[in-house]
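Welcome! Try each task before reading its solution.

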Amino acid sequence: MMHIPTFLVSLLPLASAAHLPQAQHIFTNPASPPTTGFKIPTVHESAVQARRILRLERIGTLSTIFPNNDHPNPHHGPPSSVSGTPIGLMDYFADCEPQRGDPTILAINIATSFRNVAAGSNITLSLRWHPPNKQHYSAAAIPRFSLVGYLENIKDEDVVKGLLPACFVKYHPDAAAWLPGNPIHTSHWTRLVVQEVYWIGGFGDRAYIGWIPLEEWQSVTEDEIQSIRLPDEQSGGWGFGMVKEWMGLGGSDNQESWEL
Ligand SMILES: *[C@@H]1O[C@H](CO)[C@@H](O)[C@H](O)[C@H]1NC(C)=O
């Protein structure tokens, strides 16, 4: 049950706007320690948040670059004008090899992202946390990040040992129709070998914005992933009060009245 008085609900958009960070800190961290009273999470704490988002989310954007193409196929191929241009396309991933945090991706050979990879493109997976309660706050305050790297084919024995099909289908039941060996589309198992991590934790005066070193990303433990809760993640008891705090709306005072 939510106990927010009606007059307060109507004030919420106003309150949010009034508590937005100073403009210069929306996309960067302050140069000196912030004066707003928020403790900016450390780089490692940000890595743990990112690894939990990788665990709980399942859809992201794959960005690749179109190869040089002097002789475009007039019917289906990309026009030569897009050579060297990036394209971001929605795709599925799953956190099925959590030891290193390299996301598992089922590559469909005819799909543009994987054609570009086959032609030599590197790849970036961009994803963001979708809080269950989307009503009351600014998406710019919610964490998102990009994993930059390359695709590597997963050996059959590792697919079997890691129970990858079962893991992937748990995240994506519909993908059972295009697992490798299906009669319609040739597909194969790949991992995105993460080489760089770019993180935007939210507003810069209360969240880390910047590169997360690979060692931090890879050293996150299962216990750490299990122990934290993301903004407005219900199962762990994050209520709207915690979202308020995350956004800098002063969540801890009068917490009770904001409990979900
Ligand atoms: C892919 O990334 C590697 C570094 O990880 C770089 O050496 C290589 O040039 C990149 N390839 C392309 C096609 O950009």
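**Exercise 1.** What share of the contacts in the protein with a separation of 6 or more is accounted for by residues 24 or more positions apart?

*Solution.* Begin with the ground rules. This is a predicted model, in which local features need pLDDT of at least 70 and side-chain atom pairs count only at pLDDT 80 or more, while totals for chains, interfaces and linings use all residues. Residues are numbered from 1 along each chain as its sequence is written. Next, two residues are in contact if their C-beta atoms, placed from the backbone, lie within 7 Å. With that cut-off, residues 24 or more positions apart supply 70% of the contacts with a separation of 6 or more.

**Exercise 2.** Find how many helices and strands the protein has, and how much of the protein is buried.

*Solution.* Helices (H or I, at least four residues) and strands (E, at least two) are DSSP runs, numbered from the N terminus. The protein has 8 helices and 7 strands. For burial, count the other C-beta atoms within 10 Å of a residue's own, with C-beta atoms placed from the backbone: 20 or more means buried, 12 or fewer exposed, and in between partly exposed. Of the 260 residues, 32% are buried.

**Exercise 3.** Compare L163 and D232: is each one buried or exposed?

*Solution.* Take L163, in the loop between α4 (156-161) and α5 (164-171). L163 is not a glycine, yet has a positive phi of about 50 degrees. L163 counts as exposed because it has 11 C-beta neighbours inside 10 Å. Now turn to D232, in the loop between α7 (222-227) and α8 (240-247). D232 also has a positive phi, about 65 degrees, without being a glycine. D232 has 22 C-beta neighbours inside 10 Å, so it counts as buried.

**Exercise 4.** Describe the largest nonpolar core.

*Solution.* A nonpolar core is a set of buried Ala, Val, Leu, Ile, Met, Phe, Trp, Tyr and Cys residues joined through C-beta atoms within 7 Å. The largest one has 44 residues, and A50, L192, V197 and W199 have the most contacts inside it. Elements giving two or more residues to this core include α2 (43-56), β3 (104-108) and β6 (187-200). The largest share, 6 residues, comes from β6. Finally, look at L192: leaving aside neighbours within four places in sequence, its contacts include I105, L125 and L151. As a general point, nonpolar side chains tend to be buried together in soluble globular proteins.
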